[in-house]
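Subject: Handing over the structure

Hello,

Here is the structure I promised to pass on to you.

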Amino acid sequence: YGVIIRGFLFVLDIVRLCVPTIVCWLLGFYAIFHCFLNSLAEMTRYADREFYQDWWNAPSLDVFWRKWNIPVHRWLLRHIYHESKKKTGENLAFWVTFSYSALMHEVRLSTSSETNTYSKLLLSIMLKVLKPWFFLGMFAQIPLIFLSKWLVNVLPTPNKNRWGNCFVWLSLFIGQPMIELLYLREWLHTHGEYALMCMR
């Protein structure tokens, strides 16, 4: 019963963190992608200001990943995907690109010393935990991408994009707090539960 209770408490913690996490993530997104990058583009007179598209309307997770961070998506497409596609083929190029992106997110999240508004980044800075949770979380999105595409193709025509979009938002609401909890629990396992009061 102990495993079931711990699993239930973990799910309960995810539910409690869903709304605060998504609010922090949306505020961080707005601050960085809308305010900061547009201000920087204005000061430097940079003409191409398409830093994101309407990712909040994405009908599937692959569309979300293409739309939510346009500069990184274009860089990955040009320098990783197309270069590896020439040598390996389309399917393996997809895996190489996704692996590279996941690895860079993990390294950036685990070793950064800068402050940022994203809650996962703040947690990894404070906790200084080098674990593969974010990397594995991104790889868990690969079957979710295929599942969301399947949902869009199977559901009736008038509502298929709406249900796909609900699936995207559900993965955001569940995935982010789950990763934060895994990092936090790893830190507590290493430092003890009372060490949270004196984090440096």
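Accessible areas here come from the Shrake-Rupley method with a 1.4 Å probe, and for residues only the protein chains shown count as cover. On that basis the protein chain exposes about 12,800 Å², with carbon and sulfur atoms supplying 67% of it.

Please keep in mind that this is a predicted model: local features need pLDDT of at least 70, side-chain atom pairs count only at pLDDT 80 or more, and totals for chains, interfaces and linings use all residues. Residues are numbered from 1 along each chain as its sequence is written, and side-chain values use heavy atoms, leaving out hydrogens and water.

The overall picture

The protein chain has seven helices and zero strands, where helices (H or I, at least four residues) and strands (E, at least two) are DSSP runs, numbered from the N terminus. Of its 200 residues, 34% count as buried. For the burial words, buried means under 20% relative accessible area, exposed means over 50%, and partly exposed is in between (1.4 Å probe, protein chains only). A contact means heavy atoms within 4.5 Å. Among contacts between residues at least 6 apart in sequence, 66% join residues at least 24 apart.

Helix α1

Helix α1 covers residues 2–44. It bends by about 45 degrees at C18, and a proline, P20, follows within four residues; the bend at a residue is the angle between axes fitted to the seven residues ending there and the seven starting there. Buried residues in α1 include F10, I14, C18, T21, I22 and A41. Just after the helix, R45 takes a positive phi of about 55 degrees.

Which residues make the nonpolar surface patch of about 310 Å²? They are I5, F8 and L9. Patches are made of residues with over 30% relative accessible area and no salt bridge; like charges are joined within 9 Å, and nonpolar side chains (Val, Leu, Ile, Met, Phe, Trp, Tyr) within 5 Å. L9 is partly exposed, with a relative accessible area of 42%.

Aromatic pairs

A search of the whole structure finds 22 aromatic pairs. The rings of W25 and F29 have their centres 6.3 Å apart and their planes at 25 degrees, so this pair is stacked. The rule is that rings of Phe, Tyr and Trp (its six-membered ring) pair if their centres lie within 6.5 Å; planes under 30 degrees apart count as stacked, over 60 as edge-to-face, and the rest as tilted. W25 and F29 are separated by about one helical turn, because they are four residues apart in helix α1. An α-helix has 3.6 residues a turn, so residues three or four places apart point the same way. W25 is buried at 5% relative accessible area, and F29 is buried at 6%.

Salt bridges

The whole structure holds seven salt bridges, each being a side-chain nitrogen of Lys or Arg within 4 Å of a carboxyl oxygen of Asp or Glu. In one of them, R16 meets D13 at 3.6 Å, N to O. R16 and D13 are three residues apart in helix α1, and therefore separated by about one helical turn. R16 is exposed at 57%, whereas D13 is partly exposed at 21%.

E83 is partly exposed at 35%, and K86 is exposed at 64%.

R49 and E42 also form a salt bridge, at 2.8 Å, N to O; R49 is partly exposed at 35%. Finally, D62, R66 and K149 are linked in a network of salt bridges.

Two more places to look

Is N69 buried or exposed? It counts as buried, at 15% relative accessibility. N69 sits in the loop between α2 (61–67) and α3 (70–88). Leaving aside its neighbours within four places in sequence, N69 is in contact with F33 and F51.

L136 is found in helix α6 (residues 133–154) and counts as partly exposed, at 45%. The C-alpha atoms of L136 and A102 are separated by 8.0 Å, while the two residues are 34 apart along the chain.

Enjoy looking around!
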